[in-house]
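Hi,

Here is the structure I promised to pass on.

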Amino acid sequence: MAVSEKLAVEQVGTRGIVVPYHLTRAGAVRAFFDREDVLGYVLLVPVLLILGVLVAYPFLFGVWLALTDSTIVKAGHFIGLENFRQLLEDATFRQAATNSFVYTGVTTVFKLVLGLAMALILNIPFRGNRIVRATTLLPWIIPTVLSTLAWKWMFDGTFSVINYVLAGVGVKGPLWLSQWPWPMISIMIVNIWRGMPFYGVSFLAGMQTIPQELYEAATIDGASSWQRFTRITLPLLRHVITIVLLLSTILTFADFQIVYALTGGGPANQTQLFATYSFQVGLRGLQIGLGAAISLFMFPVLAIIVFLTLWTLRKSD
Amino acid sequence: MFAQVRHFPVLKRAAIVYVPVAALLLITLFPFYWMAITAFKPNDEFYNTTISPFVILHPTLDHFIILFTKTHYPEWLRNTMVVAIVSTAVSVVASTMAGYSLGRLRYRGANWLGWAIFVTYLVPPTLLFLPLAEVISNFNLFGWEPPLMNSIWALIVTYPTFLVPFGTWLLIGYFKSIPHELEESALVDGATRLQAMLRITVPLALPGLLSVAIFSFTLSWNEFIYALVFLSDVTTKTVPVGVISEFIAGDQYFWAELMAGALMGSVPVAIIYSFFVEYFVAGLTAGAVKG
């Protein structure tokens with residue numbers, strides 16, 4: 001309040017009495033909004049409104065939908081956990097669940113290893129380093145659906161350029177998008193291609209915060225470059241690696257675009273994930289209640305990851 | 001800055017640096033090269049197996065001309081741009097307010113609210129799209145003006161839900177790192193907190209705001225599932241949705257038009273990105289890397 005008292009422009013009231021500014025109505029309003037807590041809450045209103053109406057409420061509404069037999073055209077009745085029971089007996093759903101875990105697990109391992117390799121290479125000074133770094137992020141920048149369409153064309157059944165190159169070295173390439181297990185492999189290749197730069201660039205940013213003296217001291221003590229990597233780089237990158245893994249796992253586990261654009265979940269639901277199957281049942285099949293139940297199956301896994309992320313970040317605060 | 005030893009013999013350097021870098025660039029860029037070469041290739045060279053598929057003998061703009069004269073592509077491009085610009089502007093303003101509030105002001109519950117907003121950052125759109133579609137169409141039912149469902153308003157309204165949590169989170173950190181002295185002396189000189197915020201602290205946080213803006217713009221430009229679900233009229237679509245839903249007829253793919261459309265939809269973000277690489281990387285790594 002010290003501020004408004006300093007400001008206090010004295011004002012002459014209607015009866016000729018001198019009233020300090022902060023006791024007039026305008027002054028009081030101004031002083032009220034100058035309070036740290038009041039201004040703090042007021043500034044939060046837009047964000048809380050957006051997130052309340054369009055995230056928190058839809059989430060709860062989705063839980064409700066999953067407990068009903070609603071369709072797109074008519075609101076349904078409460079049917080308890082019937083949707084969930086039905087899904088557990090649905091072979092396609094079980095396929096989608098398995099696929100989601102395989103897709104997330106396999107791509108995460110590749111992205112982690114390749115991302116580390118990418119960061120190590122780009123951490124070496126060479127001419128054109130900056131432009132190479134900027135270029136490697138392109139798969140992350142360019143709209144995923146559009147680059148995935150380019151991959152779809154590269155995987156084409158008849159004119160696959162990848163198979164053209166393979167034929168050049170005497171290998172007969174597979175039918176990427178139609179012959180088991182290649183459709184799953186194809187969506188994983190595109191996911192790794194798209195996700196690796198995020199790993200690489202984050203790790204690189206982390207590596208650049210490691211003091212150079214540590215490496216110099218280790219070198220003087222006779223540490224090999226592998227020892228410097230495992231004893232200095234990896235331990236000091238632990239925090240960055242954890243956060244990147246957690247964020248990436250959420251994005252990958254809940255992925256939709258790559259599968260939708262590349263295979264549409266097919267052939268014969270071979271590449272269906274939680275999100276694509278939820279879309280197929282909830283929108284294409286009009287069973288919005290059942291669709292909501294499918295996407296809610298992601299929730300336990302996501303909740304665990306969110307918890308781990310918060311725990312990691314709070315620990316480092 | 002750089003961790004490795006600086007002087008390698010030429011051969012060793014080639015093996016450690018240039019070969020992996022070349023491989024990395026090849027893998028990164030090949031799909032874009034393939035996109036571009038398909039987009040400029042004339043139809044008669046397209047399925048001609050006697051010439052190498054990697055070259056174009058007579059580049060043509062035909063596919064782009066078709067794109068801009070015979071399809072709704074110009075409208076999709078305009079829609080994508082309008083949605084990206086408006087939702088970015090909304091998000092930058094809302095995130096700045098919330099980021100300042102949570103990063104600089106002390107009041108009960110600030111810490112808790114900050115974490116609550118961060119949690120929404122981790123909620124993927126694929127968990128919400130079905131109920132959100134219902135919520136959006138209910139706005140239409142209740143006579144909300146302008147109608148949201150099936151207009152770009154649906155996207156302008158919903159995109160901030162995944163932009164604002166990120167922006168707020170990034171700016172909380174940014175605002176915390178700005179020294180308090182300047183602001184305090186303005187308060188002593190009689191400024192209100194709001195004036196101090198707008199005239200002193202926010203201008204100092206401009207690089208952070210720019211990171212949020214660049215990041216929000218690319219995320220909006222790339223968004224797919226909400227645009228796919230909320231828009232069904234051919235004229236209201238965005239580029240990714242329009243290209244994938246209108247240039248594929250059954251099992252017939254118009255590859256040249258698809259790739260031309262994909263290229264034209266990629267170039268604007270690539271250009272913006274190239275001007276602001278540093279800000280983009282700062283935003284991208286803000287969550288993971290501290291100080």
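**Two helices crossing in chain B**

Let's start in chain B, where the axes of helix α5 (residues 110–121) and helix α8 (residues 160–177) come within 8 Å and cross at roughly 135°. Bear in mind that this is a predicted model. An angle from 65 to 115 degrees would count as roughly perpendicular and one over 145 as roughly antiparallel, so α5(B) and α8(B) are oblique to each other. Their crossing is left-handed.

If you want to find the spot on screen, look on the α5(B) side for B:Gly114, B:Ile117, B:Phe118, B:Thr120 and B:Tyr121. Facing them from α8(B) are B:Pro165, B:Phe166, B:Thr168, B:Trp169 and B:Ile172. Sorted by class, this contact of α5(B) with α8(B) has seven nonpolar residues, three polar ones and no charged ones.

Over in chain A, have a look at helix α3 (residues 36–66) and helix α15 (residues 288–296). Their axes come within 7 Å and cross at roughly 115°, and the crossing of α3(A) and α15(A) is left-handed. From α3(A), the residues that take part are A:Gly62, A:Val63, A:Leu65 and A:Ala66. They meet A:Ile288, A:Gly289, A:Ala292, A:Ala293 and A:Leu296 in α15(A). The contact of α3(A) with α15(A) divides into seven nonpolar and two polar residues, with no charged ones.

**Chain A as a whole**

Stepping back, chain A contains 16 helices and two strands. How does the radius of gyration of chain A stand against that of a compact globule of 317 residues? The globule would be near 20 Å, but chain A has 28 Å. Along the principal axes, the C-alpha atoms of chain A fill a box of roughly 100 × 70 × 35 Å.

Of the 317 residues in chain A, 41% are buried. As for contacts in chain A between residues at least 6 apart in sequence, 63% of them join residues at least 24 apart.

**Where the chains touch**

Finally, the two chains meet in a contact that takes 84 residues from chain B and 86 residues from chain A. Which helix gives the most to the chain B side? That is helix α1 (residues 10–39) of chain B, with 13 residues. By class, the side of chain B that touches chain A has 59 nonpolar, 19 polar and six charged residues.

Over to you, and happy browsing!

Conventions: Residues are numbered from 1 along each chain as its sequence is written. Chains are lettered from A and ligands numbered from 1 in the order in which they are written. This is a predicted model: local features need pLDDT of at least 70, side-chain atom pairs count only at pLDDT 80 or more; totals for chains, interfaces and linings use all residues. Helices (H or I, at least four residues) and strands (E, at least two) are DSSP runs, numbered from the N terminus. The radius of gyration is taken over C-alpha atoms; the globule rule is 2.2 Å times the number of residues to the power 0.38. A residue is buried if 20 or more other C-beta atoms lie within 10 Å of its own, exposed if 12 or fewer, and partly exposed in between; C-beta atoms are placed from the backbone. Two residues are in contact if their C-beta atoms, placed from the backbone, lie within 7 Å. Axes are lines fitted to C-alpha atoms, for helices over the stretch in contact, and angles run from 0 to 180 degrees between N-to-C directions. Angles under 35 degrees count as roughly parallel, over 145 as roughly antiparallel, 65 to 115 as roughly perpendicular and the rest as oblique. A crossing is left-handed if the near helix is turned anticlockwise from the far one by less than a right angle, and right-handed if clockwise. Ala, Val, Leu, Ile, Met, Phe, Trp, Tyr, Cys and Pro count as nonpolar, Asp, Glu, Lys and Arg as charged, and the others, Gly among them, as polar.
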